[in-house]
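Good morning, colleagues. Please have the sequence and the structure open before you while I speak.

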Amino acid sequence: MPTRGLEDVIAAETAISDIDGNDGILWYVGYDIKDLAENCNFEETVYLLHRLELPSAQELDQVTAELAKERELDDFSTRLLPELAEFTSPMSMLRTAMSVGSAHDPDGWEPPENDEANLRKSIRLIARTPQIIGGFYRIRQGKDPLAPNPDLSHAANLLYQLSGEVPDEEDAKILDTCLVLHADHTMNASTFAARVTAATLADIHSAMTSAVAALKGPLHGGANEKVFNMLEQIGSLDKVEADIKARLDRKEKIMGFGHRVYKTEDPRATVLRDLARRLGEKRGESKWFEMSERVYEVVRDTKGLYPNVDFYAASVYHSLGIPTVLFTTIFAASRIAGWTAHAREQYQNNRLIRPESEYIGPPAREFVPLTERS
Ligand SMILES: CC(C)(COP(=O)(O)OP(=O)(O)OC[C@H]1O[C@@H](n2cnc3c(N)ncnc32)[C@H](O)[C@@H]1OP(=O)(O)O)[C@@H](O)C(=O)NCCC(=O)NCCS
């Protein structure tokens, strides 16, 4: 019998990240995500996922400078953004932009076996994603895209690209922590999609295009937008219990709950809950946090399900002033660190990923010519 949804199937060896689903622990290269969220920034995390060691102070300066230097978009991508802003959804835009980025990448024609070129391409892909998201959003608002600000951290520049204002230190730090938390997560659907594409020895931009496509769906990265839509539909704290119970009675899935691997609370949700509370208090708008807590209690008590990374991320992003339609692209802006690291790992020890299927159609039969078919 096939395993539906490949549950429990080990599809690859990796040195990048690991999960203990029973105890709710996530490690990047052996480091507990809670320690990384508290002590590391996104640039450090990029280095860790790609080099499999934490950087020294000098190495961190170097990767930070490389990421800042590579932010500028190429002309082709810049020219396409207005059209994408007019006709596509944010995640369709990002999927297209990943593919477009290969055209003018200086290493575009290097074969996937060239690991140094893959690393350079990875840094460019990670560095440019905030420019793509920000440019797209600003054009939609009738504004001009902004030049990257090389003095800002990756997270601060991402917020700056959206709002046009340099964020305060606390907001930038909170987004930075979100980026650390979302950067990798073993063999999730989008990472698997990236590795399947990389395993055919297609280039890394193709692998990233596959990854963004897989992240788009509401059962994966798209859940964070749906969480906030749900909170808005519910509207107020007093309506939470009845609304969530009615959804569950209708057999609807509550977005931001449940997980294939975690049988307890997702450790990223624990960190994000605290950030959502802090930001709600800071903005004087604790409503979304309070509603989220009530949703959590009702879903836990009724279904025994726990929140995943997308649940509290929704109110954190909202409190940071990020529009709901962009939530999944923010997830992508972080996960691209993990996707690119996994693609490089796949190229380094590659074997085509090609599972079997169990045929359930009719048995072999005689071909009937078109003129004899009724
Ligand atoms: C993440 C997810 C896709 C994992 O799915 P999975 O391992 O394939 O588990 P299933 O979808 O088969 O669910 C198993 C059971 O739990 C229930 N369940 C799982 N998640 C649920 C949710 N969020 N709300 C209500 N019920 C849920 C299913 O209905 C199913 O019940 P049944 O056995 O009575 O039919 C699933 O929990 C989900 O759809 N969550 C909501 C979307 C989400 O938040 N995605 C982001 C993941 S990080």
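Predicted model: local features only at pLDDT ≥ 70, side-chain atom pairs only at ≥ 80, totals over all residues.

Which handedness, left-handed or right-handed, has the crossing of H13 and H15? The crossing of H13 and H15 is left-handed; the term applies if the near helix is turned anticlockwise from the far one by less than a right angle, and right-handed applies if clockwise. Residues are numbered from 1 along each chain as its sequence is written. Helices (H or I, at least four residues) and strands (E, at least two) are DSSP runs, numbered from the N terminus.

Let me continue with this pair. Helix H13 covers residues 267–283 and helix H15 residues 309–319; they pack at an angle of about 25 degrees, with axes 8 Å apart. Axes are lines fitted to C-alpha atoms, for helices over the stretch in contact, and angles run from 0 to 180 degrees between N-to-C directions. H13 is therefore roughly parallel to H15, a label for angles under 35 degrees, with over 145 counting as roughly antiparallel, 65 to 115 as roughly perpendicular and the rest as oblique. From H13, residues including Leu272, Ala276 and Arg283 meet a set in H15 that includes Phe311, Tyr312 and Val316; contact requires C-beta atoms, placed from the backbone, within 7 Å. The residues of this contact divide into 10 nonpolar, 3 polar and 3 charged. Here Ala, Val, Leu, Ile, Met, Phe, Trp, Tyr, Cys and Pro count as nonpolar, Asp, Glu, Lys and Arg as charged, and the others, Gly among them, as polar.

I turn to H9 and H10. Helix H9 (residues 189–199) and helix H10 (residues 204–215) pack at about 150 degrees, their axes 7 Å apart. That angle makes H9 roughly antiparallel to H10. Their crossing is right-handed, and their contact has 10 nonpolar, 5 polar and no charged residues.

Thr45, Val46, Leu49 and His50 of H2 make the contact with Ala337, Gly338 and Ala341 of H16.

Next, the strands. An open sheet of 3 strands has the order S1-S2-S3, with antiparallel pairing; strands pair if DSSP finds at least two bridges between them. S1 (17–20) and S3 (31–32) stand at the edges, each with a single partner strand, so one side of each lacks a neighbour in the sheet. S1 is joined to S2 (residues 25–28) by 4 bridges, and Ser17 stands opposite Tyr28 in S2.

Finally, the ligand. It is surrounded by 17 residues, the closest being Ala223, Lys253, Phe257, Gly258 and Arg260; a residue is near if its C-beta atom, placed from the backbone, lies within 6 Å. This shell divides into 7 nonpolar, 6 polar and 4 charged residues.

Note on methods:
Contact = placed C-beta atoms within 7 Å.
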